[in-house]
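Please look at the sequence and structure below before reading on.

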Amino acid sequence: VDREFQMFWANMEVVKPSIYSRPPSPVVVPRFKDMRELPRVASEMLERTMQTSYDKDDIHDTLIMVRDDMATNARGVAWVRYEAEENEDGSLNESVRWDHLDRKDFLHEPCRKWKENGWVARRSYLSMEDNRERFGDIALSCEYKEYKPEDGGAYDGEKKAQVWELWHKKKQVVIWVSPGVGEVLDVQPPFLKLEGFFPCPKPAYSTVQRGTLIPVPDMLYYKDQLEEVNELTARISA
């Protein structure tokens, strides 16, 4: 096997900590410094709630994966989920979850800038049991198969179906579809009231093609140098 000089790995290990290295520490303060009691107490409650939520869902791990995607692929994507579980007394246990989305599991409308974007979509893999519980008998029409890890599938070998969740800003709807199924699985009005409509922030981009949001990995700009260094390293080793 020819020896290689791992310059790309070394570069990434230097770049990654400079992009992100420590978990965020939320700070909530009133916009107007009039020292009224209500804004001060509300700000303190929000700050404590965010801190607890960050610690509970370990947002640091999510941001690490977003950072690695940004450094390697020029785009890292996070997605926010709302969960509510009913307790024995009938009350709701509400929480916010932060998901990292793989490069192939996120789509958006082709556009020049994020403000012009009209829809976003994420892909999930659901078992037949979970799919029927969520969408009913129409889930039987979905295609279930084992997806390899490189396809985004799990390691358990269970057969699952692809389900895309699409948030359309202009039409103000959320749509669930599955490849190969001739009708939509479900259509609902937005179940979350979010600033900017989308349940995800703007992806973390590094370099994009001019006039588009197509990411361009930085490695492409010095790929020829990497190959040249590897060739010289192999010659020296030989």
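Which residues do ring pairs link into a cluster? The cluster consists of Trp-114, Phe-135, Trp-167, Trp-176, Phe-191, Phe-197 and Phe-198.

The model is predicted, so local features need pLDDT of at least 70 and side-chain atom pairs count only at pLDDT 80 or more, while totals for chains, interfaces and linings use all residues. Residues are numbered from 1 along each chain as its sequence is written, and side-chain values use heavy atoms, with hydrogens and water left out.

Rings of Phe, Tyr and Trp (its six-membered ring) pair if their centres lie within 6.5 Å; planes under 30 degrees apart count as stacked, over 60 as edge-to-face and the rest as tilted.

| Pair | Centre to centre | Angle between planes | Class |
|---|---|---|---|
| Trp-114 and Phe-198 | 6.0 Å | 65° | edge-to-face |
| Phe-135 and Trp-176 | 6.4 Å | 55° | tilted |

Helices (H or I, at least four residues) and strands (E, at least two) are DSSP runs, numbered from the N terminus. Phe-135 lies in helix α4 (residues 128-135) and Trp-176 in strand β6 (residues 173-177), so their pair ties together parts 41 residues apart in sequence.

Buried means under 20% relative accessible area, exposed over 50%, partly exposed in between (1.4 Å probe, protein chains only). Phe-135 is buried at 12% relative accessible area, and Trp-176 is buried at 6%. Trp-114 and Phe-198 are both buried as well.
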